[in-house]
Amino acid sequence: MHKNLRHDRVLVVDLELTCWDGPPPEGERPEIIEIGLAEIDLKRDEIVRTASILTKPVDSQISAFCSDFTGITAEMIAADGIRFQDACHRLRKTYGASSKLWLGWGSDNELFDTEVRAKKAVDPSSHCYLDLCQVQEYVLAGGRRISLDEALEVMKLERAGTAHRAEGDAIDTARLFLAWRERFGLGYLPHEHFD
């Protein structure tokens, strides 16, 4: 594990991208339009802050399908969206993203890395990522891949956030992670315990 990684906080990250009902139009590509965060304090086993950062696409348009699926409209992006590079700066400065383990449901880290390279942004990631979907698949579900909604149902958790909005999905992924910690007795152990 990264030697400068904090052991008391983790960031749950979820992304929403431009999408279409079928392949993208010529010249367009899936692009991050929302970064959702839920920061967990591992000492208290609670979510301590959440955020939704809307980002402006430059290589694609928000389709009607995308708006219906995510609830994100071109008007929302025009009003509140920032450049992806500025979102990366905010992740580093406001959320300390480079010093925290990132958690997610699926391979959002790969999508994020692709966007960092495509937009030549300063990378805010710690490059320490735990895919909770894989944990569910290989450790808890005997090799069967299930959705976040199914995993919440297994743990008898109702959705707290809006599905297909990055902040809502990050919150629900964080809640699932905390439920696993409680269920399996994985509460906080002070770092000194391992020295």
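The model is predicted: local features need pLDDT of at least 70, side-chain atom pairs count only at pLDDT 80 or more, and totals for chains, interfaces and linings use all residues. Residues are numbered from 1 along each chain as its sequence is written, and side-chain values use heavy atoms, with hydrogens and water left out.

Arg175 and Asp172 meet through their side chains in a salt bridge with an N to O distance of 2.8 Å. The term denotes a side-chain nitrogen of Lys or Arg within 4 Å of a carboxyl oxygen of Asp or Glu. The two residues are three apart in helix α7 and are therefore separated by about one helical turn. Helices (H or I, at least four residues) and strands (E, at least two) are DSSP runs, numbered from the N terminus.

Arg159 lies in the loop between α6 (148-154) and α7 (166-183), whereas Asp172 belongs to helix α7, so the pair ties together parts that are 13 residues apart in sequence. Asp172 is buried, with a relative accessible area of 0%, while Arg159 is partly exposed at 28%.

## Further salt bridges

The count of salt bridges comes to 19. One of them joins the side chains of Glu115 and Arg29 at 3.0 Å, N to O. This pair links distant parts of the chain, 86 residues apart: Glu115 is in helix α4, and Arg29 is in the loop between β1 (9-17) and β2 (32-41). Glu115 is buried, with a relative accessible area of 2%; Arg29 is partly exposed at 21%.

A network of salt bridges links Arg9, Glu39, Asp41, Arg44, Glu46, Arg49 and Lys100.

## Aromatic pairs

Three aromatic pairs are present in the structure. Rings of Phe, Tyr and Trp (its six-membered ring) pair if their centres lie within 6.5 Å; planes under 30 degrees apart count as stacked, over 60 as edge-to-face and the rest as tilted. Phe65 and Phe69 form a stacked pair, with 6.1 Å centre to centre and 5 degrees between the planes. These two residues are four apart in helix α1 (residues 64-70), which means a separation of about one helical turn. Phe65 is partly exposed, with a relative accessible area of 34%, and Phe69 is likewise partly exposed, at 38%.

Trp102 and Phe112 form an edge-to-face pair, with 5.2 Å centre to centre and 70 degrees between the planes. The pair links distant parts of the chain, ten residues apart, with Trp102 in strand β4 (residues 101-104) and Phe112 in helix α4 (residues 108-118). Trp102 is buried, with a relative accessible area of 3%, and Phe112 is buried at 1%. Together with Phe84, Trp102 and Phe112 form one aromatic cluster.

Key
Buried < 20%, exposed > 50% of the residue type's maximum accessible area, 1.4 Å probe, protein only.
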